[in-house]
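This briefing covers one predicted protein model. It goes through confidence, layout, surface and side-chain pairing in turn.

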Amino acid sequence: MDGSSKEEEEDSTFTSIPLTDDIDHSSRILYPRPKSLLPKMMNADMDAVDAENQVELEEKTRLINQVLELQHTLEDLSARVDAVKEENLKLKSENQVLGQYIENLMSASSVFQTTDTKSKRK
């Protein structure tokens with residue numbers, strides 16, 4: 001390896017930035033290329049963003065599942081309320097029929113006839 005290939009290798013890795021007071025640009029300071037660091041930084045940032053997105057996605061999925069479960073529970077409760085209302089109406093109707101039947105039996109029976117207490121005392 002000669003000195004020129006080493007210089008070419010350095011030029012491919014580092015970017016020369018001229019000093020502002022150097023008019024002929026003969027003296028150069030070598031800095032690492034920002035491009036070589038950028039993908040690493042971007043990958044780290046992307047990994048952090050992906051991790052945040054994954055956490056947000058998991059949280060959203062959990063909340064959606066919870067909402068769906070609550071909706072199903074609400075539907076079940078609503079159906080139960082409707083069934084109880086129907087049963088209540090049936091029982092009220094049956095109670096009215098039974099009440100009327102009992103009244104009819106009582107009026108037909110002599111045991112439940114009202115007595116005139118004033119006439120018996122005299």
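The mean pLDDT of the protein chain is 75, and 57% of the residues reach at least 70; pLDDT is the predictor's confidence in each residue, from 0 to 100. The model is predicted, and local features need pLDDT of at least 70, side-chain atom pairs count only at pLDDT 80 or more, while totals for chains, interfaces and linings use all residues. Residues are numbered from 1 along each chain as its sequence is written, and side-chain values use heavy atoms, with hydrogens and water left out.

**Confidence by element**
- Helix H2 has the highest mean pLDDT among the elements (88), and helix H1 (residues 3-13) has the lowest (50).
- The pLDDT falls below 50 over residues 7-11, a stretch with three contacts in the model beyond near neighbours in sequence (contact means heavy atoms within 4.5 Å).
- Where pLDDT is low, predicted coordinates should not be read in detail.

**Layout**
- The protein chain contains three helices and two strands, in the order α-β-β-α-α from the N terminus; these are DSSP runs numbered from the N terminus, helices being H or I with at least four residues and strands E with at least two.
- UniProt, in an unreviewed entry, lists a "coiled-coil region" at residues 60-94; its positions are given in the numbering used here, feature names are shortened, and annotations may be inferred rather than shown by experiment.
- In the model, residues 60-94 are 100% helix and 0% strand, with 51 Å between the end C-alpha atoms.

**Surface**
- The chain has 122 residues, of which 1% count as buried (under 20% relative accessible area; exposed is over 50%, partly exposed in between, with a 1.4 Å probe and protein chains only).
- The accessible surface of the chain is about 11600 Å², with 58% belonging to carbon and sulfur atoms; areas come from the Shrake-Rupley method with a 1.4 Å probe.
- Tyr-101, Ile-102, Leu-105, Met-106, Val-111 and Phe-112 make a nonpolar surface patch of about 630 Å² (residues with over 30% relative accessible area and no salt bridge, nonpolar side chains being joined within 5 Å and like charges within 9 Å).
- Met-106 lies in helix H2 (residues 34-108) and is partly exposed because its relative accessibility is 36%.

**Salt bridge**
- One salt bridge is found in the whole structure (a side-chain nitrogen of Lys or Arg within 4 Å of a carboxyl oxygen of Asp or Glu).
- Arg-62 and Glu-59 form a salt bridge, with 2.7 Å between the closest N and O atoms.
- Arg-62 and Glu-59 are three residues apart in helix H2, so about one helical turn separates them.
- Arg-62 is partly exposed at 44% relative accessible area, and Glu-59 is partly exposed at 35%.
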